[in-house]
Amino acid sequence: MADEIPLTRNAVPEARAEAIRAAVRAISALPGDTAPASPARPEDAPALLAFFSDPAVSAPIYSIPRPLTLENVAAYIRGHQAGQADGVSALLLRKDEAGEVIGYSEFHFWPQWAAGELGGALHPRLQSQGAGGRGALATFDWMFEALDLDLICETSALDNVRTAKLLERIGFQKKGELLSTRPDGTTRPSIVWELTREDWRARES
Ligand SMILES: CC(C)(COP(=O)(O)OP(=O)(O)OC[C@H]1O[C@@H](n2cnc3c(N)ncnc32)[C@H](O)[C@@H]1OP(=O)(O)O)[C@@H](O)C(=O)NCCC(=O)NCCS
């Protein structure tokens, strides 16, 4: 998560922020049709490391643990467990029957601004068949309705065509560019996208 986002920051009353934190603490599943999602646990580290080790998964994502080691992946999972307990982040995995990770969703929340960010990836064998678009749509809807957010902010690499198409079709607007910092301190230029609840609802009607 970059400190620079979201770009739009509208403070909400503390009671509303606390209700969002409570909703985040309670996250135990996600909408979507590929496989059930559940919060990552430290024992998932080897399977998540294997998933992240494929560049078709990890290359476009700045927040993936780097250097990519078992220790760093376990720390990343523990960091999200602590973040979810604080109501400010969540990390959920989807696995197949064999226990292989086939998708993950990483959330960051700014309850004080009723804002959130979703990142994630699908296993390469599931990519470019529409599942990511469907899952993103369902998850954004859930972020607005179940978590009661006013704003979703996304970042994407400049050359991430699929993510750009997906976000544009859903109604996200390009708000600018920034340098995203990876966990190892290296940086990557990103496009910043935002979608407000008003624009989301207008799109639905
Ligand atoms: C990004 C990701 C979740 C999208 O899911 P997906 O199932 O692969 O994408 P979809 O099949 O739903 O396609 C999304 C859009 O890209 C288009 N698309 C799909 N494959 C494409 C390709 N090879 N080239 C160009 N466009 C493509 C689709 O037509 C669709 O556009 P539309 O919304 O205008 O119809 C998935 O590709 C992924 O895990 N990528 C690696 C990690 C990543 O980039 N994560 C996002 C970081 S911000």
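The model is predicted.

**Ligand shell**

The ligand is surrounded by 21 residues, and the closest are Pro60, Ala121, Ser128, Gly132 and Gly133. Three elements each supply at least two residues of this shell: strand 4 (115-122), helix 5 (131-145) and helix 6 (161-170). Helix 6 gives the most, with 6 residues. By residue class, the shell holds 8 nonpolar, 10 polar and 3 charged residues.

**Strand pairing**

Strand 5 comprises residues 151-157, and strand 7 comprises residues 187-196. Strand 6 covers residues 173-181.

| Strand pair | Sense | Bridges |
|---|---|---|
| Strand 4 and strand 5 | parallel | 2 bridges |
| Strand 5 and strand 7 | antiparallel | 7 bridges |
| Strand 6 and strand 7 | antiparallel | 8 bridges |

Ala115 has Leu151 in strand 5 as its bridge partner. Between strand 4 and strand 5 the chain passes through helix 5, and this β-α-β crossover is right-handed. Helix 5 is also one of the elements that contribute to the ligand shell.

Ser156 is partnered with Ile191 of strand 7, and Lys174 with Trp193 of strand 7. Strand 6 and strand 7 form a hairpin with 5 residues between them. In the turn of this hairpin, Gly185 has a positive phi of about 95°.

Note on methods: Residues numbered from 1 in each chain as written. Predicted model: local features only at pLDDT ≥ 70, side-chain atom pairs only at ≥ 80, totals over all residues. Near = placed C-beta within 6 Å. Helix = DSSP H or I, 4+ residues; strand = E, 2+ residues; numbered from the N terminus. Nonpolar A, V, L, I, M, F, W, Y, C, P; charged D, E, K, R; others polar. Pairing = 2+ DSSP bridges. Right-handed = clockwise from strand over helix to strand, strands pointing away.
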